[in-house]
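Subject: Structure for your files

Hello,

Here is the structure to look through. My notes on it follow below.

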Amino acid sequence: MSFFEQILEAVPDSTFAMIEAFKADSNGKKVNLSPGIYRDDNAKTWVLPSVKKAKEILQADQNLNHDISPQMGYPDLVSVARQMTFKDTLDSRTVTSMQTISGTGANHFIARFLSDTLQPKTVWLSDPTWDNHPKIWRHTNPATEQRLYPYYDYKTSTLDIEGMLSTLREKASRGDVIILQACAHNPTGLDPSRENWEAIAEVCEEKEIFPIFDSAYQGFATGDADNDAWAIRHFATRVNATMEFAVAQSFSKNFGLYGERVGALHIVTRTRDSAAKVEGVLKTISRAEITSAPGFGAKVVATIIQNPTLRGQWQDDLKTMSGRLRDMRKRLYDELTKRHTPGNWGHLLTDIGMFSIMGLSQEQVAILKDTFHVYLLPSSRLSWTGLTSWNVEYVAESIHRVVT
Ligand code: PMP
C-alpha cells in the first residue's frame with residue numbers, strides 16, 4: 001500500500017482549471033477571458049520590444065555568465081525595483097529589499113516573514129481579492145485568522161470605502177495585517193482615489209495595522225509607472241509617524257516576463273536597527289527555501305531600467321498595453337449599450353487595469369462557457385486581455401443572449 005493513499009483529493013485551482021478546459025475546447029469561436037496574461041490584438045503573447053532589445057544586449061555580452069546571485073538577489077534588480085517603487089520618498093537605509101520568485105514569491109515571503117516575527121492574529125483581505133492571497137496565508141500562517149474587509153459593492157459596482165474604513169476602525173487590532181493592492185485591483189478593476197488612500201493610511205496608523213501592498217500591475221493602471229506608485233509613496237511619506245509596511249512587487253505583467261518569475265519584496269521599517277534585523281530573518285528564510293532567486297529575467301529588467309533608451313521604449317510599451325485594454329473596454333461597452341443589454345455597464349469604462357467584474361451569476365458564466373465557448377472566472381471576472389477587435393462583437397452578443 002502506498003504511503004499516499006490516504007491523501008484527500010485536491011481541489012484544482014480555478015484559474016489553471018479554466019486554462020486547461022479552454023485548451024481542450026475545439027470550438028473555433030472560443031474566447032479566453034480568464035487569465036491575467038496580456039495578449040495582443042491577435043490574442044497572441046506579446047514580447048515587449050524593450051524586452052527583445054534587452055535580451056539582444058545580454059546575449060551579445062561576452063561577460064554574461066550564470067553565476068548565482070547573492071542571497072538578497074541580483075543587486076541591480078534589487079536597486080531598480082526599489083527605485084521604481086519608492087523613488088526618493090524614503091531613507092533607503094530603512095528599506096530592506098530582496099529579489100523574490102515573482103509576485104507570488106514576494107507574497108509568500110512576507111507572509112512567512114510575518115509568521116516568524118509579528119505573528120499576526122488576523123490578516124485582512126479585500127472582499128473580493130486575488131484568489132491566491134487566502135491560499136498563501138493559509139499555507140504559511142495557518143494560525144492567522146483571515147477576515148474580509150468590504151471593498152466592492154456588487155450592487156453599484158463601486159468601491160465601498162466607507163464600509164472598508166469603518167470595518168477596520170471597529171474591528172482591526174494592533175499588529176493585524178492588511179493586504180492592499182497598489183493599483184489595478186484584481187479582480188474588481190476598482191482602485192481607491194488619492195483621497196481614499198489618505199484615509200486608509202490614517203486608519204492603518206491609528207489602529208497600528210501592518211499594511212502589505214501587493215504591487216502586481218504597476219504601469220498597467222494609467223500607463224505610467226510613477227503614477228501607479230502613488231499610494232505606496234504616500235504611505236512611505238508617513239513612515240516617521242507610526243507606519244511600517246511592506247511591498248510585494250511583481251514584474252510579470254509590466255515587463256511581460258510571466259515565465260521568468262521576477263519580483264521583489266521591500267520591508268520598510270522605522271529604524272535602521274530594525275532593517276538590519278529584518279535582513280537577517282529574510283536571509284534565513286531564503287536560504288532554507290530558494291538560496292537565491294533566478295538571474296536571467298532579473299538581468300532583463302535591470303538592463304531596461306538602467307538604459308535610458310530602453311527605459312523610454314518600456315514606457316511606450318506600457319502605454320501600448322494599457323491603451324489596448326482601454327480601447328477594448330470602450331468597444332465592449334459600445335457593443336453592449338448598442339444592443340440595450342440589461343446590466344450595469346458604465347463602470348466598464350472607468351474600471352482600471354486588466355479586469356472587471358461583469359455582474360453575472362455563476363449560472364450565466366456557466367452558460368457563456370458551455371453554450372458560447374466564452375470563458376470567464378466563476379466570479380464573472382473578465383480579463384480584458386482576451387478581447388480583440390475581431391472577437392468583441394461575438395463576446396457582446398454572447399453576453400446579451402445570456403442575460404436576456
Ligand atoms: N498579486 C496579484 C493581485 C496578482 O493578480 C498576481 C498575478 N495574477 C500576483 C500577485 C502575482 O503574480 P506573479 O507571481 O505571476 O508575479
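Around the ligand

The shell around the ligand in this predicted model is made up of nine polar residues, three nonpolar ones and one charged one. There are 13 residues around the ligand, and those that come nearest are Ser102, Gly103, Thr104, Ala216 and Ser250. Helix H4, residues 102-116, supplies three residues, the largest share of that shell.

Strand E2 and Ser97

Strand E2 covers residues 95-101, and Ser97 is found in this strand. Is Ser97 buried or exposed? Ser97 counts as buried because 27 other C-beta atoms lie within 10 Å, where 20 or more are needed. Leaving aside neighbours within four places in sequence, Ser97 has contacts with Val78, Ala81, Arg82, Ala264, Leu265 and His266. One of these contacts, Leu265, is 168 residues away from Ser97 in sequence, yet the two C-alpha atoms are 5.5 Å apart in space.

Helix H3

Val78 and Ala81, both in contact with Ser97, are also among the buried residues of helix H3. Lys87 follows H3 and has a positive phi, near 50 degrees.

Regards

Definitions and conventions:
Residues numbered from 1 in each chain as written. Predicted model: local features only at pLDDT ≥ 70, side-chain atom pairs only at ≥ 80, totals over all residues. Near = placed C-beta within 6 Å. Helix = DSSP H or I, 4+ residues; strand = E, 2+ residues; numbered from the N terminus. Nonpolar A, V, L, I, M, F, W, Y, C, P; charged D, E, K, R; others polar. Buried ≥ 20, exposed ≤ 12 C-beta atoms within 10 Å, placed from the backbone. Contact = placed C-beta atoms within 7 Å.
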